[in-house]
Amino acid sequence: MRLKNLPLRLAKGGPEQQAIEAGEIDAIIDHASSNVILLPAARRALQEAAHEASKANSLLAALPPAEHQRLLAGLEPVTLKFGEVLQEPGVPIRYVYFPVDCAISLVTTIEGPEVGLVGYEGAVGISLALGVDVSSVRALVQATGTAMRMTAAHFDKTFHQCPALQRELYRYADAKLAMARQIVACNCFHAVEARLARWLLMTSDRVRSEEFFLTQAFLAEMLGVRRATVNEAAGPLQRRKLITYTHGRIRIVDRKGLEATACGCYTRIALNAPLRRSSSASPGLASSP
Amino acid sequence: MSRRQHKPRARGAPVTTVVVLRLYIVGGAPNSVQAIANLEAICREYLKDGHKLEVVDVLEHPRRALADGVLVTPSLAKLSPLPAANVVGNLSDKAKVLLALGLKGKVQ
């Protein structure tokens with residue numbers, strides 16, 4: 001292990017030094033430069049983990065290996081926690097997020113209903129790809145999980161060198177716009193019960209699980225209704241044994257039944273973004289061109 | 001406005017000491033993963049519910065590590081009961097961890 005270049009201020013023969021020599025240390029905190037310095041083995045392990053994790057995001061997975069590799073240098077895995085705000089309207093975008101197993105809701109204002117939902121099929125902050133560096137929505141973490149994150153500056157630099165990424169993001173931006181249109185129309189015209197069913201299915205698709213955690217207040221906010229209205233809508237779904245809902249934990253018991261209850265907007269809204277491509281016949285995740 | 005109520009402790013009732021621990025790690029790094037597993041096993045075996053463990057990822061919270069004077073990760077700090085103690089490394093040396101936690105006498 002090469003430690004000569006590290007600005008160590010550890011006592012010679014002290015427990016820290018001994019642990020480093022035994023290979024039991026992952027990082028050194030350098031108080032002089034206020035930096036966390038990863039040791040080579042830990043760095044390699046994190047890079048490998050990041051490489052694996054990034055494949056779980058459809059936009060990143062669709063890139064050819066060379067572009068994927070180039071992009072990976074600027075990506076870092078982060079854990080996003082329920083309720084965390086990633087972007088605010090009118091505020092410059094600091095990061096682009098590629099979710100791996102988390103879900104992020106897009107809302108217009110704090111009280112406003114949801115206008116988009118992003119999971120492993122997409123990315124948050126893609127306005128940067130369209131030349132806009134200020135967010136138009138609030139991005140709120142709906143389901144805790146991991147995402148790959150890239151700074152806006154790095155994204156700006158890399159985006160222009162990656163034609164496949166450009167193609168994927170333009171296509172995804174169009175799908176996202178279509179989703180927003182559909183959700184807005186859905187919020188205006190469809191019954192709360194159908195919208196709730198649609199929304200639960202969309203969330204389940206994005207977190208890739210039939211079970212997830214949601215508070216009633218959050219549900220009410222996303223659907224733009226009062227909490228009592230959420231209760232009224234969720235009650236029949238539970239009585240018909242389509243879902244269970246205990247202490248904020250939602251479990252989809254009968255997916256087919258829930259799909260039948262949801263409005264047609266569910267099937268029209270991407271995950272099936274690739275359906276919009278004439279060359280792609282299969283629904284599901286973004287695929288390589 | 002709530003009024004604080006003082007409940008007199010029953011004479012002779014056992015006082016449970018909660019061991020407060022903080023583990024500084026780098027999430028996903030091999031020694032850190034091992035340290036968490038080793039510590040959880042030790043806590044399960046020796047401390048049961050009588051402990052509080054906070055895990056701090058220094059990549060997510062570098063300022064905390066700097067403020068707390070942490071030099072390397074993984075690094076375990078016993079904050080309470082006093083005396084405070086530290087162990088660094090992946091915590092595979094169970095005897096060393098137990099000594100730091102003040103549980104040395106309980107080693108099988």
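Visitor: How many bridges join S6(A) to S8(A)?
Guide: In this predicted model, five bridges join S6(A) to S8(A), and the two strands run antiparallel. One of the facing pairs involves Ala103(A), which stands opposite Ala143(A) in S8(A).

Visitor: What about S4(A) and S8(A), how do they run?
Guide: Strand S4 of chain A, residues 85-87, is joined to S8(A) by two bridges, and these strands also run antiparallel. Here Val85(A) has Leu140(A) as its bridge partner in S8(A).

Visitor: How many residues of S8(A) are buried?
Guide: Strand S8 of chain A covers residues 138-143, and six of its six residues are buried.

Visitor: Which residues are buried in helix H8 of chain A?
Guide: Helix H8 of chain A spans residues 216-223, and its buried residues are Leu219(A), Glu221(A), Met222(A) and Leu223(A).

Visitor: And what covers them?
Guide: The cover over the buried residues of H8(A) includes strands S6 (103-107) and S7 (114-118), together with helices H7 (192-207) and H9 (227-239), of chain A. After H8(A) comes Gly224(A), with a positive phi near 70°.

Visitor: Is Ser34(A) buried or exposed?
Guide: Ser34(A) is exposed, because there are 11 other C-beta atoms within 10 Å, and a residue counts as exposed at 12 or fewer.

Visitor: Let us turn to confidence. What is the mean pLDDT of chain A?
Guide: The mean pLDDT of chain A is 82, and 88% of its residues reach 70 or more. Over residues 1-5 of chain A, however, the pLDDT is below 50, and this stretch has four contacts in the model beyond near neighbours in sequence. Residues 273-289 of chain A also have a pLDDT below 50, with 24 contacts in the model beyond near neighbours in sequence. Where pLDDT is low, the predicted coordinates should not be read in detail.

Visitor: Which strands pair across the two chains?
Guide: S1(A) and S3(B) pair in the antiparallel sense over two bridges. Ala27(A) stands opposite Thr73(B) in S3(B).

Visitor: What is the overall pattern of chain B?
Guide: Chain B has three helices and five strands. Along the sequence they follow the pattern β-α-β-α-β-β-β-α. Buried residues make up 30% of the 108 residues in chain B.

Visitor: Which residues of H1(B) are buried?
Guide: They are Asn31(B), Ser32(B), Ala35(B) and Leu39(B). Seen down the axis of H1(B), these buried residues fall within an arc of 90°, so they line one face of the helix. They pack against strands S1 (19-25), S3 (72-73) and S4 (75-80) of chain B.

Visitor: And what does the face turned away from them carry?
Guide: That face of H1(B) carries the exposed residues Ala41(B) and Arg44(B). Just after H1(B), Lys48(B) takes a positive phi of about 45°.

Visitor: Last one: where is Leu91(B), and is it buried or exposed?
Guide: Leu91(B) lies in the loop between S5 and helix H3 (94-101) of chain B. Leu91(B) is buried, with 25 other C-beta atoms within 10 Å, and its phi is positive, near 60°.

Definitions and conventions. Residues are numbered from 1 along each chain as its sequence is written. Chains are lettered from A and ligands numbered from 1 in the order in which they are written. This is a predicted model: local features need pLDDT of at least 70, side-chain atom pairs count only at pLDDT 80 or more; totals for chains, interfaces and linings use all residues. pLDDT is the predictor's confidence in each residue, from 0 to 100. Two residues are in contact if their C-beta atoms, placed from the backbone, lie within 7 Å. A residue is buried if 20 or more other C-beta atoms lie within 10 Å of its own, exposed if 12 or fewer, and partly exposed in between; C-beta atoms are placed from the backbone. Helices (H or I, at least four residues) and strands (E, at least two) are DSSP runs, numbered from the N terminus. The arc is that of the directions from the helix axis to the C-beta atoms. Two strands pair if DSSP finds at least two bridges between them.
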